[in-house]
Amino acid sequence: MNSLEFDRRHIWHPYASIGNPPPVRLVKSARGTELTLADGRTLTDAVSSWWCVAHGHNHPAIVEAIRRQSETLSHVMFGGFTHAPAIELAQALTALTPPGLDRVFFADSGSISVEVAAKMAVQYQHARGFPKKGKLLALKGGYHGDTCCAMALSDPDGMHTLFRPIMPQHYFADPYDFNTVIETVERHEDEMAAVICEPVFQAANAMRFYDPDYLRKLRAFCDAQGLLLIFDEIAAGFYRTGPLWAGAWAEVVPDIQCVGKALTGGHLTLAATVASAPVAETISGGSPSAFMHGPTYMANPLACAAGVASLKLFAETDYGAKVKRIEGELAAGLAPCRALPNVKDVRVKGAVGIVEVGQMPVRADIERVIDAHGVWLRPFCNFIYTMPPLVADTATIARICGAIRDLAASEPGPPPPDGDFHE
Ligand SMILES: Cc1ncc(COP(=O)(O)O)c(C=O)c1O
């Protein structure tokens, strides 16, 4: 059995059948925006490997930071110990997070940082004398991860419906109708601990943007109701939508912010839940005083060293200007899609370009476009999109737009079978 046959038979890939797996490509190396396959071909990574590779693949400064760190301390439990990479990363991160957010919990993935944020909200309300406040309000069309609580806070009719029996029940509002927030919270006031949302840009589920004014209203409403406001900046943060944080579109500072993905520039898995001092101090003043979470690989030194190097690159590089340029190029490059019969909408904000189609073309067409243009696309549901590395140059963005235009012009495929998550 060759290695690809072994992979096909024995290894689950994300959102894939192991009985009838979609094709996978054997990748050998990566640098900048380019992936090199085992057969020597190269593909431009138009999705930044699920939006984390901000500075480009295998960035020399990040690779060197990991290498150097590995010579002295690859891991140590964070209970009872601390280390320089964690301290330096927390210092660098809190220099970037919105004012007042400076208490850091390191998590091992974005989903876990969302679980941690939800637990902080519940423990905060418990400490304030509201032990029954154990529910959160989230937004329809959202996505916060694949672990249980994160799934439960994602779109209630989205890809996780099968798992309802193991999900805790939370409540949902419409990001285009603020009255639904007021009505839902008022109906469940005694249970509500916090509101969580992806600010401005709903990524992995609905692939759409909503009005920043909604966030301003949320801030005022949460303050009036004694609820915490949690921003999940895992996808939208680190300049993806234009500003460093998507919350800046509304000049709103949450009580808790989740960051992940580009934190290490897409080199090692690491996320963080960053809380305000009042949240942290309220939790500490309760019983238990300890915040009750602690993953084995919390604040892994290699990942923290990668994070320090990544944040240094964010601090040194004018990504605001780069993303503005990319935004203009995506807007111009994707605009012709509007005239295509299978295209419903074209949306661009920052380094995000989305073409929503009536029906996704068949898999063979997706593969043809990837191979013909040498551009790696990962369309899902009805969305053909790019979230390129923020270092992508003009020629690279033009090639990505060409591939998207070609795919959007392809024959629409049949609707996916009922209940199938089409991607
Ligand atoms: C907004 C948002 N939150 C949370 C997550 C989950 O992050 P992870 O895949 O690192 O668990 C994602 C992943 O796509 C995301 O887009």
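View 1. A cavity is here a set of points, on a 1 Å grid over the protein atoms alone, where a 1.4 Å probe fits but cannot get out, and lining residues have an atom within 4 Å of a point; grid points are joined across faces, edges and corners, and the volume is the space filled by probe spheres set on the points. The lining consists of W51, A54, I234, A235, G237, F238, R240, A262 and L390. Because the model is predicted, local features need pLDDT of at least 70 and side-chain atom pairs count only at pLDDT 80 or more, whereas totals for chains, interfaces and linings use all residues. Residues are numbered from 1 along each chain as its sequence is written, and side-chain values use heavy atoms, with hydrogens and water left out.

**View 2. Two residues with positive phi.** F238, one of the residues lining the largest cavity, has a positive phi near 55 degrees although this residue is not a glycine, and F238 is found in the loop between β10 (228–232) and β11 (256–259). Strands (E, at least two residues) and helices (H or I, at least four) are DSSP runs, numbered from the N terminus. F238 counts as buried because its relative accessibility is 3%, where buried means under 20% relative accessible area, exposed over 50%, and partly exposed in between (1.4 Å probe, protein chains only). M207, likewise not a glycine, has a positive phi of about 45 degrees; M207 sits in the loop between β8 (201–202) and β9 (208–209) and is buried, at 0% relative accessibility.

**View 3. Strand β16 and its partner.** Strand β14 (residues 352–357) pairs with β16 in the antiparallel sense over 4 bridges, pairing being assigned if DSSP finds at least two bridges between two strands. T386 in β16 is the bridge partner of G353.

**View 4. A cis peptide bond in a loop.** The peptide bond from S287 to P288 is cis, with omega near 5 degrees, and P288 is found in the loop between α9 (277–285) and α10 (301–316).

How values were computed
1 Å grid on protein atoms, 1.4 Å probe; cavity = no way out; pocket = protein on both sides within 12 Å on 5 of 7 lines; lining within 4 Å.
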